[in-house]
Amino acid sequence: MRILFAEDDKTLSRGVTALLEHDGYIVDAVADGLAAVDYAQQEQYDCIILDVMMPGMDGLSVVRKLRQAQNNTPVLFLSAKGGVQDRVDGLDAGADDYLPKPFAGSELRARVRALLRRRADYTPTRLAFADLELDAGTCELICGEKSITLSRKAYQVMETFMRNPRVVISPELMMERIWGWNSEAEIHVVWVNVSFLRKQLKQLGSRAYIKTLRGTGYSLEEQK
């Protein structure tokens, strides 16, 4: 399952991201409200966790904008503003839950699990391109009778390609979207994962392949 986490405190963002990834979630971490809206409109998330006070656009405005766009993904607010009226304002804006800071990691994890249980319309989905399928529920890359289970990062790279087939994607954009603004990883992790996926596509015998456009980026193509 995939979670969008918007928090401008880098230390807290790293800590919560590590906590959720330890539980097996794929986490996209962003640092401001505008990025949160952008990500939420372009990707499908199972849960969104928002700070209330963020640069660019505050959390209340973010959730109002998403609800106006008919985005019903469950939203959990995290905020230092923990008064009764603050919680009421958050819930009235369209959030599903509100957790004041500071909070225990165990309670955050429990609230996320509760939100995911209540999301009745959640079903694992599959992306398809050429003779490939990518299962969001199992992180499996499938071609005919063959399949391989991908790591979280390799899955996210492949998911980006399969959501944008034949579109050139730069390593920098891949880095920002998958490893996040607060990552200490270097750009070579993108190259490593692309190389790994190329080998898997060959091993699966797929017609799909990842094309390199020198100085520009990569695109997912199909052999004719």
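Predicted model: local features only at pLDDT ≥ 70, side-chain atom pairs only at ≥ 80, totals over all residues.
**Backbone features and a helix pair**

Ala 130 is partly exposed, with a relative accessible area of 33%. Ala 130 sits in the loop that runs between strand S6 (126-129) and strand S7 (132-135). Its phi is near 55 degrees, a positive value in a residue other than glycine.

Gln 70 also calls for attention. Here phi is near 65 degrees, again positive in a residue other than glycine. The residue belongs to the loop between helix H3 (59-68) and strand S4 (75-79). Is Gln 70 buried or exposed? With a relative accessible area of 61%, Gln 70 is exposed, because the cut-off for that term is over 50%.

I turn next to a peptide bond. Lys 101 and Pro 102 are joined in the cis form, with omega about -10 degrees. Pro 102 lies in the loop between strand S5 (97-100) and helix H5 (105-118).

Finally, I come to two helices. Helix H7, residues 171-179, packs against helix H8, residues 188-204, at an angle of about 95 degrees, and their axes are 9 Å apart. Angles of 65 to 115 degrees count as roughly perpendicular, and H7 and H8 are therefore roughly perpendicular to each other. Which residues make the contact? From H7 they are Pro 171, Met 174, Met 175 and Trp 179, while H8 contributes Val 189, Val 190, Trp 191 and Asn 193. Sorted by class, this contact of H7 with H8 has 7 nonpolar residues, 1 polar residue and no charged residues.

Notes
Residues numbered from 1 in each chain as written. Heavy atoms only, no water. Helix = DSSP H or I, 4+ residues; strand = E, 2+ residues; numbered from the N terminus. Buried < 20%, exposed > 50% of the residue type's maximum accessible area, 1.4 Å probe, protein only. Axes fitted to C-alpha atoms, helices over the stretch in contact; angles between N-to-C directions. Parallel < 35°, antiparallel > 145°, perpendicular 65-115°, else oblique. Contact = heavy atoms within 4.5 Å. Nonpolar A, V, L, I, M, F, W, Y, C, P; charged D, E, K, R; others polar.
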